[in-house]
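I opened this model to look up its strands, one of its helices and its nonpolar cores. The entries below follow the order in which I consulted them.

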Amino acid sequence: MPIREMQQHDIATIARFETDISVISFGEEAVTDLGFHAKKLEKALRYEQQGMIVLEVDGNIAGWMWITPRENFVTKQTYANFKSFYIEEPYRGSAYVDELFEAGMTYCEREGATQILGKVHVSNLPMRLLYKKYGFKPTHITMELSTSDAND
């Protein structure tokens, strides 16, 4: 199965993936507007294409990973930010997951990243387990309170 950079003609499919990721990550507050995600991807494709990786299975897009290399403004070291990771339902739990994830790790190595960061919703156990499998460790916890809940 080919793993390649995202192309312009992939945007509609990847926008659907981004919508699913948003629902997984933000529940009722998810941005589910396909047009919003398509526009975001079109803009990013101009500047970040090398870190926008697509997995094909049988000629169809089966997964996607979006990585942005960054520079720590204090240490000047390069780090990578895993922005998105998605595998279509029929391929979840398969070797395709590892192949795509490892392609992303290889990209980070090529970019000279000394650290890789990935954010994941606390309820997204499959993604947390994938990170753990590859040696990622939790380092921050976001505490959140809805002020409308606090006043009940």
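**Entry 1: Ser 84.** Setting aside neighbours within four places in sequence, I found Ser 84 in contact (heavy atoms within 4.5 Å) with Glu 18, Ile 21, Trp 64, Met 65 and Trp 66. Ser 84 belongs to strand β4; helices (H or I, at least four residues) and strands (E, at least two) are DSSP runs, numbered from the N terminus. The side chains of Ser 84 and Glu 18 are joined by a polar contact of 2.6 Å. A polar contact is a pair of N or O atoms within 3.5 Å; within protein, one must be able to donate a hydrogen and the other to accept it, and residues adjacent in sequence count only if both atoms are side-chain atoms.

**Entry 2: basis of the values.** The model is predicted: local features need pLDDT of at least 70, side-chain atom pairs count only at pLDDT 80 or more, and totals for chains, interfaces and linings use all residues. Residues are numbered from 1 along each chain as its sequence is written, and side-chain values use heavy atoms, with hydrogens and water left out.

**Entry 3: strand pairing.** I next looked up the strand partners; two strands pair if DSSP finds at least two bridges between them. Strand β1 (residues 3–5) pairs with β2 in the antiparallel sense over three bridges, and Glu 5 stands opposite Ile 53 in β2. β2 and β3 are also antiparallel, over six bridges. Here Ile 53 stands opposite Met 65, and Val 54 stands opposite Trp 64. β3 and β4 run antiparallel and are joined by nine bridges, with Thr 68 opposite Asn 81.

Entry 4: Is β2 enclosed or open to solvent? Six of its six residues are buried, so β2 is largely enclosed by the rest of the structure. Met 52, Val 54 and Glu 56 lie on one side, and Ile 53, Leu 55 and Val 57 on the other; both faces are covered.

**Entry 5: the two hairpins.** β2 and β3 form a hairpin with two residues between them. Asp 58, in that loop, has a positive phi near 55° although it is a residue other than glycine. Asp 58 counts as exposed, at 73% relative accessibility. The hairpin of β3 and β4 has six residues between the strands. In it I noted Lys 76, not a glycine, with a positive phi of about 65°. Lys 76 also counts as exposed, at 52% relative accessibility.

**Entry 6: helix α2.** Helix α2 (residues 34–48) has 15 residues and spans 20 Å from its first C-alpha to its last, close to the expected 21 Å; the expected span is 1.5 Å times one less than the number of residues. At its start, a side-chain oxygen of Asp 33 comes to within 2.9 Å of the backbone nitrogen of Gly 35. Which residues of α2 are buried? They are His 37, Ala 38, Leu 41, Ala 44, Leu 45 and Glu 48. Seen down the helix axis, these fall within an arc of 135°, so they line one face of α2; the arc is that of the directions from the axis to the C-beta atoms. On the other side, Lys 39, Lys 43, Arg 46 and Tyr 47 are exposed. The cover over the buried residues includes α1 (11–26), β2 (52–57), β3 (60–71) and β4 (78–87).

**Entry 7: nonpolar cores.** I took a nonpolar core as a set of buried Ala, Val, Leu, Ile, Met, Phe, Trp, Tyr and Cys residues joined through side-chain atoms within 4.5 Å. The largest has 20 residues, and Met 65, Ile 67, Phe 82, Phe 85, Leu 100 and Phe 101 have the most contacts inside it. Two or more residues each come from β2, β3, β4, α3 (95–110) and α4 (125–133), and α3 gives the largest share, six residues. A second, separate core has 16 residues, among them Met 6, Ile 14, Ile 21 and Leu 45.

**Entry 8: Asn 124.** Asn 124 lies in the loop between β5 (115–118) and α4. With a relative accessible area of 16%, Asn 124 is buried. Its side chain reaches the backbone nitrogen of Met 127 at 3.2 Å.

Methods. Buried < 20%, exposed > 50% of the residue type's maximum accessible area, 1.4 Å probe, protein only.
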